[in-house]
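The following paragraphs lead through a structure with several chains.

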Amino acid sequence: MAADGTLVAGAPAAAGSGRANTMQRFARRRSTIAFLMALPLIALIGGLVVYPAGYAMWLSTLNRRMTANIGLGNFEILLDSDTFWMVIMQSCIFAVGAVIAKALIGFWLAHMLHHIPAKGQRKWRGMLLIPWVIPPALSTLGWWWMFDPSYSSINWLLNIFAVPAVPWLGEPWWARFSVILVNVWYGSPFFMIMYLAALKSVPDQLYEAAAIDGATGWQGLRYVTLPMMQNIISITVLFSLIVTFANYDIVRVLTNGGPRDLTQVFASYAFQVGILSGNLPRGAAVSLFMFPVLAVFAYFILRGINRRNKEQM
Amino acid sequence: MSASTASTIVSYTGKKLGSLRSERRWALWTAYASLIVATIIFLAPPFYMLVTSLKSSSEISNLSGNPWIVRAPTLENYMELIANPLFRGFFVNSVIITLCVVAISMVISVLAAFSLARMKFWGSQALATGVFLTYLVPDTLLFIPLYQIVGSLGLLNSIWGLILIYPTLTVPFCTWIMIGYFASIPKELDEAALIDGAGWMQMLTKIFIPVALPGIIAATIFAFTVSWAAFVYPTAFVTTPEHMPLTIGVVSQLIRGDTFAWGQIMAGALMAALPPVVVYAFLMDYYIAGLTAGATKG
Amino acid sequence: MAQVHLRKVVKEYEGGVQAVKGIDLDIADHEFVVLVGPSGCGKSTTLRMIAGLEEISGGEIDIGGTVVNDVPPRDRDIAMVFQNYALYPHMTVYDNMAFGLTLRKFDKGEIKRRVENAAKILDIGMLLDRKPKALSGGQRQRVAMGRAIVRDPKVFLFDEPLSNLDAKLRVQMRTEIKKVHQTVRTTTVYVTHDQVEAMTLADRVVVMNHGKIEQVGPPQELYHHPKTRFVAGFIGSPSMNFIPARLEEVGSGLVVRMTDRAVLPVPAARTARYAPHVGRELLFGIRPEHLTEPHPNEHRPSIAHFEAAPEVVEPMGMETLLHFWVEGHEICARFDPAVEVAPGKLAAMAVDMDQMHLIDPKTDLVL
């Protein structure tokens with residue numbers, strides 16, 4: 001038994017090279033199978049996301065009949081129009097306002113839910129998530145009916161408390177508020193559930209340690225909860241900014257952009273211009289205005305997710 | 001909020017026991033009060049929809065009295081809708097579209113996730129990032145070029161156009177969460193399977209899919225709810241009523257300016273919303289697991 | 001059953017890091033060989049190369065007369081038990097054990113016979129319908145072994161199979177593994193970082209360090225005749241004391257001098273062996289169990305006596321460990337618990353110089 005384990009550093013080259021080929025072939029075969037398995041996904045992303053994105057850019061440089069290339073003409077026309085500036089403003093008001101409200105309400109509810117006895121949490125959570133479960137186009141119909149100028153059931157309730165009727169969808173600022181309100185109603189449960197998951201992942205010992213170190217409730221929140229949840233909070237907020245910024249359903253059903261295009265956001269305006277008025281190139285240009293904003297958000301989300309993955313490793 | 005957090009934090013800062021107890025009771029009261037208020041507000045719209053759907057047109061148009069209660073409940077609105085072939089058509093379209101989209105999405109994403117999570121190939125890391133970025137692309141960004149593409153394929157006003165396009169909404173996220181679930185399966189498990197004599201396909205079907213079943217269910221629920229609720233694409237691609245799925249069908253076809261159809265609209269909306277709500281009611285834990293797995297749209 | 005031969009086996013990762021630096025090892029049929037070493041020594045990598053889970057960068061592995069470098073794991077006819085057991089969580093114990101046979105298209109009756117036989121050997125017959133979740137750590141361990149046994153492979157591979165168990169269960173399962181090996185007699189390669197496990201289980205122990213084999217041999221040989229400083233320190237617990245010392249000639253004999261006060265005589269039998277090293281600075285090695293309280297009836301000439309004041313006294317029940325410092329080096333002695341010792345007080349000690357080792361600090365080889 002020649003088993004003294006005397007070392008021979010470096011593989012014997014002659015024996016190694018012939019074999020390396022078969023080994024390489026084996027590895028190559030494996031990655032070929034892997035590639036084939038991912039192929040439908042690649043085809044989908046390539047054909048229905050990447051290609052349309054490129055196509056949109058080309059489309060946005062054409063004239064209305066798509067017969068001539070007018071360069072950045074569509075973008076110039078848009079930036080010259082007051083309506084489009086209103087759309088930009090309204091999109092920003094809508095996205096920022098709705099996301100802030102959703103984040104705060106979601107955080108508050110998650111906290112409340114976290115602090116009631118664990119037995120009851122499931123039941124409450126189940127009920128509070130319902131707005132999120134109903135397809136928003138359909139629940140917005142219900143809101144539309146609740147906002148109806150003459151039959152508004154909300155105004156009926158307000159009248160009980162002697163508050164005058166509110167022209168929910170008739171007056172620009174109220175219409176803006178209504179759109180945000182419905183979006184907040186629909187989106188808050190999502191924030192709540194994300195934050196609740198994050199809250200549950202903070203170990204109790206940290207709070208106990210903080211309490212023994214003399215932290216009050218506020219300080220526990222400030223120095224334990226928020227830092228531990230910072231990452232998930234920012235990811236959720238950025239996510240929601242993207243989706244809210246690009247929202248279509250609620251505006252379409254509730255106001256259809258009115259009154260006088262004052263509640264149009266990018267998506268609904270693009271739809272109006274591109275599909276309904278038949279100016280596809282300019283509609284594409286409207287959509288593309290969202291792109292830089294979304295790209296910035298996406299970059300920060302990706303950074304947050306990578307950081308989180310690294311922490312978990 | 002300070003009071004509420006104090007309920008789990010035992011404060012030793014020289015307070016008397018009694019005050020600590022009352023502080024905690026207060027926190028609990030605040031919590032319950034907030035939850036009750038939130039639940040009432042959150043459930044008011046669906047409740048009001050239900051109330052309206054049970055009213056006759058004359059009761060709806062009657063302005064005297066509390067609109068939040070129903071005096072003479074009737075199923076008339078539901079009956080009329082069920083008897084309406086157009087509405088039944090919406091339903092059938094939605095079912096066909098959703099079944100196809102769920103099947104396509106799951107096949108594509110499970111295969112891709114397995115390959116990305118376990119096998120690795122040149123560029124697989126970049127592809128995984130690409131999948132995630134695709135998920136962040138909202139449907140309203142690309143619906144105009146897609147309108148052109150679907151049109152050039154002759155699939156406008158057809159459910160097949162929607163079946164072709166919907167997977168762009170579902171596959172990225174399903175792949176993303178399946179990568180997560182597959183990656184959490186210990187590496188030793190596939191090594192054991194490899195030694196036991198399994199090939200790649202057997203490893204996927206006999207080990208990965210059964211072990212990651214909760215993830216598969218969560219992803220399936222996601223694909224189902226997304227394709228059931230999709231609104232932008234059908235609104236853009238389908239204008240003929242007989243090819244519409246429920247969402248756009250209810251929104252565009254039941255609303256008629258002249259007649260007073262609120263009861264029917266609400267009944268239609270509720271019936272259209274029923275399948276996702278039922279799925280949610282029975283599979284809430286999977287639903288939430290899927291939701292929190294990758295941070296979904298909000 | 002088969003022999004396993006490793007010839008100049010190398011594992012090199014991308015970036016040129018060598019985890020295994022060319023090892024040779026011959027494992028006989030029916031033999032139980034344990035690879036032991038600190039974490040990162042290459043023992044697990046070696047095992048995984050035998051299993052086919054890692055590609056072999058250089059050299060050859062031969063199982064039962066076939067070079068298996070290019071053979072995928074499923075065709076190598078080996079079975080492996082993993083540290084975390086790697087039981088399929090969605091299958092019952094029976095299905096877990098049957099899985100490998102099912103994939104190999106064995107007929108139902110044969111599978112049943114084999115699973116039941118393995119269950120009998122491992123005493124898990126009543127668990128066959130359970131899922132792994134419903135099993136205790138020890139039971140999972142048995143199932144993992146059962147999965148290996150039913151396959152009746154050429155070689156069993158164990159990758160730290162006991163490290164996830166608590167101390168008491170570990171001892172029990174150790175015995176169990178030995179018993180199973182005595183029953184089925186399959187050639188076994190077993191990886192552990194625990195030298196006690198290695199000593200108790202192995203026919204031969206392979207001590208590895210930094211991707212190389214330090215020494216191969218039966219447990220007793222490694223204990224009494226370590227070839228390198230690493231093996232001397234790694235085998236035995238608490239580990240061997242090392243004290244720098246100079247080998248000097250006094251009259252016709254030799255002594256090791258640690259300090260001016262601590263001078264110990266080298267037994268006459270070793271004089272010839274150590275003579276060439278007189279005058280050199282060496283490491284004097286002695287195990288704690290050979291550094292004890294003096295026995296009044298013990299009069300061998302090799303026993304040397306001295307006194308030292310322990311700074312820390314650790315009563316273990318069956319023995320008492322004493323720690324004291326010589327020239328900044330911690331030394332551990334093992335006393336009978338009946339002897340009264342107190343920290344800081346001088347205690348009489350006896351060294352069995354027959355058990356001494358001298359190590360060349362330049363080569364780290366035991367002289």
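Where chain B meets chain A, 90 residues of chain B are in contact with 90 residues of chain A; two residues are in contact if their C-beta atoms, placed from the backbone, lie within 7 Å. On the chain B side, helix H2 (residues 17–53) gives the most, with 15 residues. Helices here are DSSP runs of H or I with at least four residues, strands are DSSP runs of E with at least two, and both are numbered from the N terminus. The side of chain B that touches chain A holds 65 nonpolar, 23 polar and two charged residues. In this division Ala, Val, Leu, Ile, Met, Phe, Trp, Tyr, Cys and Pro count as nonpolar, Asp, Glu, Lys and Arg as charged, and the others, Gly among them, as polar.

This is a predicted model, in which local features need pLDDT of at least 70 and side-chain atom pairs count only at pLDDT 80 or more, while totals for chains, interfaces and linings use all residues. Residues are numbered from 1 along each chain as its sequence is written, and chains are lettered from A and ligands numbered from 1 in the order in which they are written.

The contact of chain B with chain C takes 14 residues from chain B and 17 residues from chain C. Helix H10 (187–196) and helix H11 (200–211) of chain B each supply at least two residues of the chain B side, and H10(B) has the largest share, seven residues. That side divides into nine nonpolar, two polar and three charged residues.

Chain B itself has 16 helices and zero strands. Its radius of gyration is 25 Å, well over the 19 Å that the globule rule gives for 298 residues, so chain B is more spread out than a compact globule. The radius is taken over C-alpha atoms, and the rule is 2.2 Å times the number of residues to the power 0.38. Along the principal axes, the C-alpha atoms of chain B fill a box of roughly 75 × 75 × 35 Å. Buried residues make up 52% of the chain's 298 residues; a residue is buried if 20 or more other C-beta atoms lie within 10 Å of its own, exposed if 12 or fewer, and partly exposed in between, with C-beta atoms placed from the backbone.

One loop of chain B, between helix H13 (232–237) and helix H14 (246–253), holds Pro241(B). Pro241(B) is partly exposed, with 15 other C-beta atoms within 10 Å. Not counting residues up to four places away in sequence, Pro241(B) touches Leu86(B), Gly249(B) and Gln253(B). Phe87(B) is 154 residues from Pro241(B) in sequence, yet their C-alpha atoms are 9.3 Å apart.

In chain C, strand E14 (residues 281–286) and strand E21 (residues 357–360) run antiparallel and are joined by three bridges; strands pair if DSSP finds at least two bridges between them. Phe284(C) stands opposite Leu358(C) of E21(C). E21(C) also pairs in the antiparallel sense with strand E22 (residues 365–366) of chain C, over two bridges, and the bridge partner of Ile359(C) in E22(C) is Val366(C). Four residues lie between the strands of this hairpin, where Asp364(C) takes a positive phi near 60 degrees.
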